[in-house]
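Subject: Structure handover and notes

Dear colleague,

I am passing on the structure below, and would be grateful if you could look it over alongside my notes.

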Amino acid sequence: MIASVFGGLRRRPLTASCVGLLASVAAQAASAADCPGHPDAIGTSRTIVVDPRAHPMIGTMQYAKTLPLADREVVLTFDDGPLPKYSNQILDILAAHCAKATFFLIGRQANGNPEGVRKVRDAGHTVATHSQNHPTGMDRLPLDRSKQEIEQGIASVTAALGDGTAPAPFLRIPGLRVNNGIEEFAASKGLQLWSADFPADDWRDVSANRVYELAMQRLEQKGKGILLLHDIQPRTVAALPRILRELKTRGYRIVHVVPATPDRPATPTEPQQWQLHPPSEMVAISRWPKVPKFASAGPAALPVPALSDLDWHTSDLGARASRRGRGVPLPPVTLWPRQTTLPPAGTLAALPVPARSIFKIPESASMTLLAASARRATSTAQAQARVMDVSSAKPAGKSRHGHAAAAQPPASAGQTAQAPQGAAGAAPKPAAQAKRNGRSVRVAGLKKR
Ligand SMILES: [Zn+2]
């Protein structure tokens with residue numbers, strides 16, 4: 001109706017934006033309507049149906065793939081229940097926020113509290129399994145034991161459900177301690193192995209506030225994903241309301257996950273949606289500019305000096321040999337004049353000794369000018385410092401230090417162009433002067449204090 005008012009070119013884009021707007025309004029209205037009496041609830045924005053056989057392992061804490069979530073979508077998961085004291089509180093909190101989650105239940109807990117299993121199901125959450133006895137280090141168990149743990153866990157939860165239905169074919173291994181055998185077995189049974197995208201460390205001895213902080217910080221780092229929590233911990237009960245409120249404040253949305261069945265086909269997805277960040281968004285691309293830094297740092301560009309650049313055969317090699325004799329083992333007889341067989345020839349090729357030409361810097365003239373002006377600035381600053389009052393004496397000393405440091409390298413570089421040996425002799429002069437200047441200012445400042 002609205003679109004028909006407008007004709008021609010404007011019709012299509014306007015219709016499209018209207019549809020988009022209506023869809024988002026409808027989504028918000030739906031989540032509010034789904035949670036009567038809780039207008040501030042985050043709600044559950046959508047349900048995705050996944051086929052475990054198409055994607056047998058998910059969760060970027062361990063695998064390349066994760067659930068096909070859009071940016072800012074979060075899947076809540078709770079392990080180790082049911083334990084009435086805390087699990088019931090978790091269910092109440094989720095109900096108050098109309099948030100749907102996936103519960104990985106332990107078979108033994110289900111045997112002891114079958115009603116707890118039914119409560120999870122009746123609240124509309126996804127019931128999944130987490131082994132029979134929650135053995136630590138399942139990756140080190142004999143594979144037969146692991147298989148037994150997995151199958152018994154499913155059987156116990158199925159019995160607790162009591163209506164002939166089975167739990168979702170979603171499996172999380174205790175402590176995420178999987179091995180190849182477990183992964184292959186799960187896949188052969190059509191079970192989807194769930195790792196997670198980030199935990200909140202709520203099984204550790206940390207405060208509820210820390211659980212909240214970790215959940216939000218790690219979520220912010222990944223932007224979306226599967227959050228791993230435990231419904232048997234008091235700190236999780238304490239942290240969850242705040243997590244849900246903050247998720248809503250920051251614009252995150254809760255996604256509920258259910259398994260595909262013959263009557264309920266999987267939500268259509270593209271393969272790249274199962275990656276947390278598709279290749280085009282990889283962080284590595286933003287790090288690209290760092291590469292040239294590494295490339296330029298290597299000494300590979302330095303030319304290998306010719307033998308003629310060295311003074312071995314022109315100076316008193318014998319005298320040098322005797323001088324170095326104590327530290328470096330040298331052949332008793334000098335190798336001169338058989339220089340073609342000199343052992344260092346091969347070694348030299350690998351050494352980054354710069355050729356003399358390296359030091360012939362074309363800008364030597366401008367460098368000398370720079371050095372001269374720097375020296376002028378130094379003496380000006382020195383003069384100023386002498387008439388300076390107490391409050392500014394110290395900063396002046398600092399800035400002069402800066403000038404002195406800048407003046408030193410160009411001076412030696414300029415002189416090195418003429419004679420490398422001379423540079424060493426000439427350099428100390430400005431350096432010493434600069435040092436004296438700096439010291440005099442510091443002393444003046446101290447005296448005035
Ligand atoms: Zn567990």
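What follows is a short account of a disulfide, a helix pair and a strand residue.

Please keep in mind that this is a predicted model, in which local features need pLDDT of at least 70 and side-chain atom pairs count only at pLDDT 80 or more, while totals for chains, interfaces and linings use all residues. Residues are numbered from 1 along each chain as its sequence is written, and side-chain values use heavy atoms, with hydrogens and water left out.

A search of the whole structure finds one disulfide (a pair of cysteine sulfur atoms within 2.5 Å). The bond links Cys35 with Cys98, at an S to S distance of 2.1 Å. Cys35 sits in the loop between α2 (11-33) and β1 (46-50), and Cys98 in the loop between α3 (84-96) and β4 (102-105), so the pair ties together parts that are 63 residues apart in sequence; here helices (H or I, at least four residues) and strands (E, at least two) are DSSP runs, numbered from the N terminus. With 90° about the S-S bond, the link of Cys35 and Cys98 is right-handed, and both cysteines are buried (under 20% relative accessible area, with exposed being over 50% and partly exposed in between, using a 1.4 Å probe and protein chains only).

Turning to the helices, α3 and α9 (residues 234-249) pack at an angle of about 5°, with their axes 9 Å apart; axes are lines fitted to C-alpha atoms, for helices over the stretch in contact, and angles run from 0 to 180 degrees between N-to-C directions. That makes α3 roughly parallel to α9 (angles under 35 degrees). Among the residues of α3 that meet α9 is Ile90, and the α9 side includes Thr236, Val237 and Leu240, contact meaning heavy atoms within 4.5 Å. Ile90 is buried, with a relative accessible area of 0%, and its C-alpha atom is separated by 8.1 Å from that of Thr236, 146 residues apart along the chain.

Thr126, found in strand β5 (residues 126-129), is also buried, with a relative accessible area of 5%. A polar contact of 2.9 Å joins its side chain to that of His256 (a pair of N or O atoms within 3.5 Å; within protein, one must be able to donate a hydrogen and the other to accept it, and residues adjacent in sequence count only if both atoms are side-chain atoms). The side chain of Thr126 also reaches the backbone oxygen of Val257, at 2.6 Å.

Key: Angles under 35 degrees count as roughly parallel, over 145 as roughly antiparallel, 65 to 115 as roughly perpendicular and the rest as oblique.
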